[in-house]
Amino acid sequence: MRRGSKSTCLRAAFLFLSACVGETLAADPTLHEKLELLARAYPEMIAEVGKDKLTLRDGGAALPIDDGRRKSHAEKLASGDIEDSLSQIYPLGACARPPAADFDPGRIRSEALMKRLYGGSAASIRRDLVSVDWFGERLKVTRRHGVAKALQAVEGELAARPKLKRYLVPSSGTFNWRNIAGTRTLSVHSFGAAIDLNTGFADYWRWSGGGKSGAAAYRNRYPLDIVEIFEKHGFIWGGRWYHFDTMHFEYRPELISIAKQASASACR
Ligand SMILES: [Zn+2]
């Protein structure tokens, strides 16, 4: 009896330790690992990850990774550098729950990097726009970095699930050179790399009582199968954010790769 309890106890301790070690190994890739995954997500533009700069293939100046400033969450949203943009790990999967305060994985972006990836003006973005068939609508998105192909693949998979169509059409928009509401920061719609679904099911933190503090009541009305299909093709979902925007998806394959490396799941 006593021997039995001892071995049960040892076994429990072993399992606890293995779980801890497993967590440590899976969680939080280093900044350098994240940057390597970023470079792999945009091989036609990012040539090399240096110690403190990214070398790009457009012939322009190398981009600093970290501006060295200590920033609040609001400051990171307003003027994120590359390091800030990778600081929160996006969780994957067909689950949703109210996000923790200021957990906005992917909502922090480096506008300098986005402009180098996709173009720095509405005119330059327009040159790369192509049409994607979205259930009979023709949506304009950028062809750069595989965005148009990825969105077409999403549509192909969603089309096999006719019950989902009412949530998807009409799309509330793709390319639109504009700032995010209430900010001076360009929306990813400006780069032709985002899509909004049928606004009839949308919930948005600003509409749900969120003021400057961002304390809004979380709600999502889109089936999570849709989220899982978008994530499979490199898009992140705005429904994972504290400052939630549930109809919004944007192409951020680096964050999907980092999530996989970190085994970051929304279902835990
Ligand atoms: Zn949007």
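Visitor: Which residues coordinate the zinc ion?
Guide: This is a predicted model. The contacts to zinc run from 2.0 to 2.1 Å. The donor atoms are NE2, OD and ND1. They belong, in that order, to His189, Asp196 and His248.

Visitor: What spacing do the donors of the zinc ion follow along the chain?
Guide: The donors are His189, Asp196 and His248. Written as a pattern along the chain, their spacing is H-x6-D-x51-H.

Visitor: How many residues apart are His189 and His248?
Guide: His189 sits in the loop between helix H8 (165-168) and E6. His248 lies in strand E8. The pair links distant parts of the chain, with a separation of 59 residues.

Visitor: Are His189 and His248 buried or exposed?
Guide: The cut-off for burial is under 20% relative accessible area. Both His189 and His248 are classed as buried.

Visitor: What is the strand order of the open sheet?
Guide: The sheet has 3 strands, with antiparallel pairing. Strands E6 (194-196) and E7 (235-237) are the edges, each pairing on one side only. From one strand to the next, the twist averages 20°. The order is E6-E8-E7.

Visitor: Which residue in E8 is the bridge partner of Trp237?
Guide: E7 pairs with strand E8 (residues 248-251) in the antiparallel sense. Their pairing spans 3 bridges. Across from Trp237, the partner in E8 is Phe249.

Visitor: What angle does the direction of helix H9 make with that of E7?
Guide: Helix H9 covers residues 224-232 and packs on the sheet. H9 touches E6, E7 and E8. Its direction and that of E7 make an angle of about 150°.

How values were computed:
Residues numbered from 1 in each chain as written. Predicted model: local features only at pLDDT ≥ 70, side-chain atom pairs only at ≥ 80, totals over all residues. Heavy atoms only, no water. Pairing = 2+ DSSP bridges. Helix = DSSP H or I, 4+ residues; strand = E, 2+ residues; numbered from the N terminus. Axes fitted to C-alpha atoms, helices over the stretch in contact; angles between N-to-C directions. Contact = heavy atoms within 4.5 Å. Donors = N, O, S within 2.8 Å, 3.2 Å for Na, K, Ca; no water. Buried < 20%, exposed > 50% of the residue type's maximum accessible area, 1.4 Å probe, protein only.
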